[in-house]
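Subject: Structure for you to look at

Hello,

Here is the structure I promised to pass on. Please open it and keep it beside this email as you read.

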Amino acid sequence: MNLTHSPSSPHDASGLLFAGFNQDFGCFAVGLRNGFRVFNADPLVQQTRKEFDDGGVSIVEMLYRTNYLALVGGGRNPRYPPNRAIIFDNIKGKSVVELELVVVTANKVFVYLFSLNPQKLHTFETIDNPNGLVALSPSQEHAILAFPGRQQGHIQVVDLNKINSTTAVLSSNNSALKTMQSTTTNVSIIAAHSGQLSCLAMNFDGTKCATASEKGTLIRIFDTATGQLLNELRRGMDRAEIYSIAFNKESTRICVSSDKGTIHIFNLDASVVTSAERTPRGPTYGEVTTSTSSTPQGFTHSGNRGSSFRFMKDLLPKYFSSEWSFAHAKISSETRCVVGFGEQKNSIIALCADGACYKFLFDPRKGGECSRESYERFYSPFDDD
């Protein structure tokens with residue numbers, strides 16, 4: 001969540017420029033006007049605090065739980081040029097690699113081989129991408145990359161493990177030999193939305209990609225190998241800005257945050273509801289009861305909330321066949337936040353632009369409103385005093 005990309009809110013903590021999880025959502029990093037910090041997510045424990053006297057950091061990307069961080073300068077007085085990505089060794093306390101992005105990155109994606117001498121493997125062109133949307137599968141065995149296509153609402157999917165490198169030896173007029181190296185790869189195109197993309201997310205092994213458009217009413221899940229639409233999920237009817245989408249480790253659920261101050265949890269597989277532990281008692285008043293069928297009554301085939309008029313979906317507008325969130329949580333203030341599934345079973349963690357960290361628990365069988373387990377602050381402007 002790069003807070004420098006959109007207008008600030010009265011709820012934002014002054015000096016906070018960035019907040020984002022690592023690949024397994026077990027840690028997160030924040031960028032500040034005078035440095036950066038790294039935290040363990042649950043329990044909330046500060047692991048690293050680095051302060052600079054000469055500027056701020058607008059992006060801090062972690063490499064799992066290693067000592068390497070990718071930093072980009074930002075704020076009113078950037079620590080590094082905003083067109084350069086700095087690889088920072090947290091143990092040595094200094095930058096070890098500097099990547100200069102000379103070309104306008106608003107419509108290009110660069111892929112580098114990570115080493116002390118980084119090698120640029122490929123450059124992909126995109127439509128204007130001011131928010132820098134890109135998603136890479138966290139699995140170390142798979143390297144599936146998704147980013148905006150050249151047309152509005154389209155995404156490109158690339159298997160980086162299948163990029164082929166070729167070397168050609170050319171002769172010039174003076175008989176000297178010159179070598180040229182090039183790479184080729186197959187790019188899959190998925191027409192995800194009619195409007196501009198606002199959010200992208202990849203599951204752990206890169207088999208599924210979640211997308212949202214600038215309208216923010218629908219979340220779509222695609223099979224990255226075939227481009228098939230697997231799920232279409234409705235956040236709401238009114239327009240919203242989607243800040244983040246995250247899969248759980250098993251790829252059976254996603255959580256979504258938006259500018260409405262509500263976090264939504266959707267099921268992608270009805271078995272997570274039907275196989276959840278049940279207590280041997282009768283239903284209470286207002287509880288969704290289950291039938292002998294494989295999917296509980298009141299739920300869709302994916303295990304989400306559905307309209308009672310779904311049986312007339314062929315006669316009524318598409319809205320009545322929508323899949324609504326299985327569970328939801330409310331943030332105290334309508335502030336920007338990013339979310340991820342916590343290490344504790346059936347939990348989510350939210351990092352907010354006001355410096356707050358929420359932990360919510362949800363019922364894996366009934367869903368509904370989540371219970372707030374904890375509320376702590378990972379940052380306050382007064383921390384710098």
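In which sense do E1 and strand E2 pair, and over how many bridges? They pair in the antiparallel sense, over 5 bridges. Strand E2 covers residues 27-32. Look for Ala19: its bridge partner in E2 is Val30. Keep in mind that this is a predicted model.

**The sheet with E1 and E2**

These strands belong to an open sheet of 4 strands, in the order E1-E2-E3-E4. The pairing is antiparallel. Strand E1 (16-21) and strand E4 (45-51) are the edge strands, and each pairs on one side only. On average, neighbouring strands here are turned by 15° against each other, direction ignored.

**Another open sheet**

Now go to E27-E28-E29-E31, an open sheet of 4 strands with antiparallel pairing. E27 and strand E31 (371-377) are at its edges with a single partner strand each, so one side of each has no neighbour in the sheet. From one strand to the next, the twist averages 20°. E27 and E28 run antiparallel and are joined by 5 bridges. Cys337 stands opposite Cys352 in E28.

**The cores**

The largest nonpolar core has 22 residues. Among those with the most contacts inside it are Cys255, Ile263 and Phe360. Elements giving it two or more residues include strand E23 (262-267), helix H1 (271-274) and strand E28 (347-352). A second, separate core has 19 residues, including Leu3, Leu32, Leu44 and Ile349.

Finally, find Ile263. Leaving aside neighbours within four places in sequence, its contacts include Cys255, Ala329, Ile348 and Phe360.

Best wishes

Notes: Residues numbered from 1 in each chain as written. Predicted model: local features only at pLDDT ≥ 70, side-chain atom pairs only at ≥ 80, totals over all residues. Heavy atoms only, no water. Core = buried A, V, L, I, M, F, W, Y, C linked by side-chain atoms within 4.5 Å. Buried < 20%, exposed > 50% of the residue type's maximum accessible area, 1.4 Å probe, protein only. Contact = heavy atoms within 4.5 Å. Pairing = 2+ DSSP bridges. Axes fitted to C-alpha atoms, helices over the stretch in contact; angles between N-to-C directions.
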